[in-house]
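Dear colleague,

Please find the structure handed over below. A summary of the findings follows it.

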Amino acid sequence: MRWQGGRRSSNVEDRRGLGRPLAVGGGAASVIVALLVLLLGGDPSELGLGGGEDPRVSQGTGGSGQQPLDPRQEELKDFVSVVLADTEDTWPGLLEPEGVRYVQPRLVLFTGAVQSACGFQESAVGPFYCPPDQRVYLDLDFFDELDRRFGAPGDFAQAYVVAHEVGHHVQNLLGISRQVQSLRGRVSPEEANALSVLQELQADCFAGIWAHHAQRERQLLEAGDVEEGLGAASAIGDDTLQRRAQGYVVPESFTHGSSEQRVAWFTRGLEQGTLAACDTFQAASRGR
């Protein structure tokens, strides 16, 4: 990606070094990592992973707490700040015709664990978006896991992760998240999972919308970037992760969609670049 000269967002909160480290080892580590990627995206409070309700959220902007910071992550911090800024430049004009004002989310960097309005979360939940405080939460170590353990390297794969979480923020602003959460409380667990899949696939499509406009208007993408994004979408499909973790696939337990679905919807957003192209719910009702 051609990101080095890009604008840096002022909406990054650096809480690295302030959280409780996550200590796992041996066989437990692989289970935690599988869970980490399986839960990429969405509101963790809906999955019963957080503790407490409406906790106070720290506004700290430095990482001078108990844990030393990894200097190798400073470039990653710079990178995600540029990607976040680019999403800030993309979404207002797309939401204005819908009568929705784009409120910029904040991106919280943390290590090990973090307190959010969705509860106390450890890095094992992966990157997540919390609707009540309109914040994206990211432990930069996730990018190492995405590369080394799941074979999805590259800066555009990392940008896809950020854009997917911002996609959840867009869903929140459009009222989609609230509607899905309400419906999930009135249906069977299998139907609730299916709704979650549609929400996640739409966030993938929204990530594609961002990439479409980032390229068309600012020429951010380089050769190979699209393949990196598709690789990341494929690597975190429910079927791929389940097959890796347990050797078989249980489709009714999917919460994020298969690798094929995630690639298809990201590609759809990338190619068409419109909100109308990303109505996964309508497509499902038509059997597509």
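**Surroundings of V263**

Leaving aside residues up to four places away in sequence, V263 is in contact with L230, A233 and S234. Please note that this is a predicted model. V263 belongs to helix α9, which covers residues 259-272. Its relative accessible area is 22%, so V263 is classed as partly exposed, given that buried means under 20% and exposed over 50%. Between V263 and G231 the C-alpha to C-alpha distance is 8.1 Å, although 32 residues separate them in sequence.

**Strand pairing**

Strand β2 (residues 106-109) takes part in two pairings described here. With strand β1 (residues 12-14), β2 pairs in the parallel sense over three bridges, and V12 is found opposite L107 of β2. With strand β6 (residues 135-138), β2 also pairs in the parallel sense, over four bridges; here V108 faces Y137 of β6.

**Salt bridges**

Across the whole structure, a search returns 14 salt bridges. One of them joins E13 and R135, whose closest N and O atoms are 2.7 Å apart. Because E13 sits in strand β1 and R135 in strand β6, this pair ties together parts that are 122 residues apart in sequence. E13 counts as buried, at 0% relative accessibility, and R135 likewise counts as buried, at 10%.

A further salt bridge links the side chains of R16 and E74, with an N to O distance of 2.8 Å. R16 is in the loop between β1 and α1 (27-38), while E74 is in helix α2 (residues 74-95), so the pair connects parts that are 58 residues apart in sequence. R16 is buried, with a relative accessible area of 1%, whereas E74 is partly exposed at 37% relative accessibility.

R218 and D86 also form a salt bridge, their closest N and O atoms being 2.7 Å apart. Since R218 lies in helix α6 (residues 189-218) and D86 in helix α2, the bridge ties together parts that are 132 residues apart in sequence. R218 is partly exposed at 24% relative accessibility, while D86 is buried with a relative accessible area of 6%.

With kind regards

Note on methods
Residues are numbered from 1 along each chain as its sequence is written. This is a predicted model: local features need pLDDT of at least 70, side-chain atom pairs count only at pLDDT 80 or more; totals for chains, interfaces and linings use all residues. Side-chain values use heavy atoms; hydrogens and water are left out. Two strands pair if DSSP finds at least two bridges between them. Buried means under 20% relative accessible area, exposed over 50%, partly exposed in between (1.4 Å probe, protein chains only). Contact means heavy atoms within 4.5 Å. A salt bridge is a side-chain nitrogen of Lys or Arg within 4 Å of a carboxyl oxygen of Asp or Glu.
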